[in-house]
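Hi,

Here is the structure I said I would pass on.

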Amino acid sequence: MSKITEVKELVEAGKSKKIGAAVQDALDAGGQPADILQAMVDSMSVVGDKFSAGEIFVPEMLIAAKAMSKGVDVLRPLMAGDNSASLGTCVIGTVAGDLHDIGKNLVSMMIESAGFTMVDLGVDVPAEKFVEAARENDNVTLIACSGLLTTTMPALKEAVATIKASDLSNCKVIVGGAPVTPEFAAEIGADGYAADAGSAAVKAKELVK
């Protein structure tokens with residue numbers, strides 16, 4: 001079994017105590033930080049699929065996310081070295097009325113690894129708070145709004161409308177979450193949509209380039 005496959009399996013199993021050493025082993029064996037990160041992201045999408053199918057529940061998903069987070073801690077200094085040119089700051093949060101943060105946290109990790117400085121506002125974030133945070137922080141180029149419940153889609157719409165009505169004209173807005181579709185994202189005026197954490201990082205770079 002390759003070292004990267006081992007990392008993947010440890011994330012899936014939520015072995016947060018072993019993951020740091022396994023990531024270091026994979027690096028020592030010549031693995032690229034981006035490939036190791038991608039393996040962990042792939043692993044989390046397997047976990048996400050199992051969760052959606054009702055095979056596992058929130059505790060297992062959180063344990064896997066914690067393991068991934070420990071693995072990312074080992075990679076972060078190396079990934080930071082990859083992006084000599086920062087892409088600016090990304091403000092991220094889950095919209096008002098929604099307390100989900102697993103997906104948002106994964107997206108945050110991925111966008112950070114793409115070369116952004118992250119400002120995480122957490123969950124249940126009112127529309128105005130996104131605008132305030134973008135004004136208070138330097139060089140904000142992207143705002144990422146997450147909504148995981150069908151009932152919070154109006155809040156997502158309000159967040160995008162509030163940002164677009166503000167003076168943050170050079171800020172791009174990306175949205176995502178289980179009930180969100182590319183059509184809905186376009187309809188509410190978002191600049192981009194991402195189905196998962198991996199594509200969020202790719203889209204984030206595209207939007208600000």
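One thing before the details: this is a predicted model.

I'll begin with Ser108. Leaving aside its neighbours within four places in sequence, Ser108 is in contact with Ile92, Met118 and Asp120. You'll find Ser108 in helix α5, residues 102–113, and it counts as buried because its relative accessibility is 8%.

Asp120 turns up again in a salt bridge. Its partner is Lys104, and the closest N and O atoms are 2.9 Å apart. This pair links distant parts of the chain, with Lys104 in helix α5 and Asp120 in strand β2 (residues 117–120), 16 residues apart. Buried or exposed, what is Lys104? At 4% relative accessibility, Lys104 counts as buried, while Asp120 is partly exposed at 38%.

The count of salt bridges comes to six, and two others are worth a look. Glu12 pairs with Lys50, with 3.3 Å between the closest N and O atoms. Those two also link distant parts of the chain: Glu12 belongs to helix α1 (residues 3–13) and Lys50 to helix α3, 38 residues apart. Glu12 has a relative accessible area of 31%, so it is partly exposed, and Lys50 is partly exposed too, at 30%.

Then there is Arg135 with Asp167, where the closest N and O atoms are 3.2 Å apart. Arg135 sits in helix α6 (residues 127–136) and Asp167 in the loop between α7 (153–165) and β4, so the pair ties together parts that are 32 residues apart in sequence. Asp167 is exposed, with a relative accessible area of 56%.

Now the largest pocket, which holds about 930 Å³ of space. It is lined by 39 residues, and the closest to its centre are Met61, Gly103, Leu106, Leu148 and Ala195. Elements giving two or more residues to the lining include α4 (58–82), α5, β3 (140–146) and α9 (197–208). Which element gives the most? That is α3, with nine residues.

Helix α3 (residues 33–52) also carries Phe51. Together with Val58 and Leu62, Phe51 makes a nonpolar surface patch of about 230 Å². Phe51 itself counts as partly exposed, at 32% relative accessibility.

Last, Ser16, which is in helix α2, residues 16–28. Not counting residues up to four places away in sequence, Ser16 touches Lys66, Ala67 and Lys70. With a relative accessible area of 15%, Ser16 is buried.

Cheers

Conventions:
Residues are numbered from 1 along each chain as its sequence is written. This is a predicted model: local features need pLDDT of at least 70, side-chain atom pairs count only at pLDDT 80 or more; totals for chains, interfaces and linings use all residues. Side-chain values use heavy atoms; hydrogens and water are left out. Patches are made of residues with over 30% relative accessible area and no salt bridge: like charges are joined within 9 Å, nonpolar side chains (Val, Leu, Ile, Met, Phe, Trp, Tyr) within 5 Å. Accessible areas come from the Shrake-Rupley method with a 1.4 Å probe; for residues, only the protein chains shown count as cover. A salt bridge is a side-chain nitrogen of Lys or Arg within 4 Å of a carboxyl oxygen of Asp or Glu. Helices (H or I, at least four residues) and strands (E, at least two) are DSSP runs, numbered from the N terminus. Buried means under 20% relative accessible area, exposed over 50%, partly exposed in between (1.4 Å probe, protein chains only). Contact means heavy atoms within 4.5 Å. On a 1 Å grid over the protein atoms alone, a cavity is a set of points where a 1.4 Å probe fits but cannot get out, and a pocket is an open set with protein on both sides within 12 Å along at least five of seven lines; lining residues have an atom within 4 Å of a point. Grid points are joined across faces, edges and corners, and a volume is the space filled by probe spheres set on the points.
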